[in-house]
Amino acid sequence: MIGEMPARDPRQVRAMFGRIVPRYDLLNRLMSLGMDGRWRIQAARAARPPGVIALDLGTGTGDMTIELRQRGASRVIGADFSRAMLGAASRKTEGTKDVSFVLADALSLPFPDATFDVLVNSFLLRNLANLPAGLAEMSRVLRPGGRLVCLDMTQPPAGIFGTAYRFYFNRLLPPLAGALSGDRAAYRYLPHSLRGVPDAAALAGMLREAGLENVRVRLLGGGAVALHTAVRAAPRRKRKR
């Protein structure tokens, strides 16, 4: 892990996301230089959605929920802790069958154990107030053998690309996104949200500690984004004496 993650006040994070809903999709395109849609497609493919019951955790305006349903998931629930985000997601998916949305905290999900075949989250992890607790909760609601897919920013690599990326992410992006969104404070939070976040290898270790196995990592965006996949381990059978 890269140091200690700074405290995330859930109330402040929720309020911030609520304020930026009207331009959230546009600003995602800007922040990712137009690559976020392609990354979501790769994450959805990694989820192997045909026929599954899936949870899109931290759904935002519902793009991943839509992608999973279009790729054959039999049912998709999108969960988010922002009512404003869920309102936008509901409008975007109006008329789509077998899609629903739930107001939920990622650290205390309102679902029984072993509910989902697949759980996908995109650009959620760095916003959690307690990352290990969030991963444990994700593992809890997956059935044994169920797949977890995590798509998020990670610590960029060293070298010329990493230096250029940090300059863009820390210096250029916040004022530009703040001006376009009309909420400068929200996009000052963006570089702050990555401080202390575990790198891709460390996050893989945390997934294993949360009861997941077959952990795989794929770096995207020149190494600035990581796609992790894992499977919830089946419970071990007790040996008969």
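**Cores and salt bridges in a predicted model**

Good morning. The largest nonpolar core of this structure, which is a predicted model, has 30 residues. Leu 68, Val 120, Val 149, Leu 151 and Leu 227 are the residues with the most contacts inside this core. Two or more residues each come from helices H2 (24-31), H3 (36-46), H4 (63-70) and H7 (160-181), and from strands E4 (116-122), E5 (142-153) and E7 (225-232). Of these elements, H7 gives the most, with 5 residues. Apart from this core lies another one, of 28 residues, including Ala 106, Val 141, Met 206 and Ala 210. As background, nonpolar side chains in soluble globular proteins tend to be buried together.

Which residues are in contact with Leu 227, leaving aside its neighbours within four places in sequence? They are Gln 42, Ala 43, Ala 46, Val 149, Cys 150, Leu 151, Arg 216, Val 217, Arg 218 and Leu 220.

I turn now to the chain as a whole. The protein chain has 9 helices and 7 strands, and 50% of its 241 residues count as buried. Among contacts with a separation of 6 or more, 68% are between residues 24 or more positions apart. The chain exposes about 12,000 Å², of which carbon and sulfur atoms supply 53%.

Helix H1, residues 10-19, has Val 13, Met 16 and Phe 17 as its buried residues. These three lie on the same side of H1, because they cover an arc of only 95° around the axis.

Next, the charged pairs. How many salt bridges does the structure hold? It holds 11 salt bridges. One of them joins Asp 36 to Arg 40, with the closest N and O atoms 2.8 Å apart. Both residues lie in helix H3, 4 residues apart, about one turn of the helix, and both are buried.

A salt bridge also joins Glu 67 and Arg 71, at 2.8 Å from N to O. Is Glu 67 buried or exposed? Glu 67 counts as buried because its relative accessibility is 16%, under the 20% cut-off. Arg 71, with a relative accessible area of 29%, is partly exposed.

Arg 143 and Asp 117 meet in a salt bridge of 2.6 Å, N to O. This pair links distant parts of the chain, 26 residues apart: Arg 143 is in strand E5 and Asp 117 in strand E4. Arg 143 is partly exposed at 33% relative accessible area, whereas Asp 117 is buried at 19%.

Definitions and conventions. Residues numbered from 1 in each chain as written. Predicted model: local features only at pLDDT ≥ 70, side-chain atom pairs only at ≥ 80, totals over all residues. Heavy atoms only, no water. Core = buried A, V, L, I, M, F, W, Y, C linked by side-chain atoms within 4.5 Å. Buried < 20%, exposed > 50% of the residue type's maximum accessible area, 1.4 Å probe, protein only. Contact = heavy atoms within 4.5 Å. Areas by Shrake-Rupley, 256 points an atom, 1.4 Å probe, with all protein chains shown as cover. Arc of directions from axis to C-beta. Salt bridge = Lys/Arg side-chain N within 4 Å of Asp/Glu carboxyl O.
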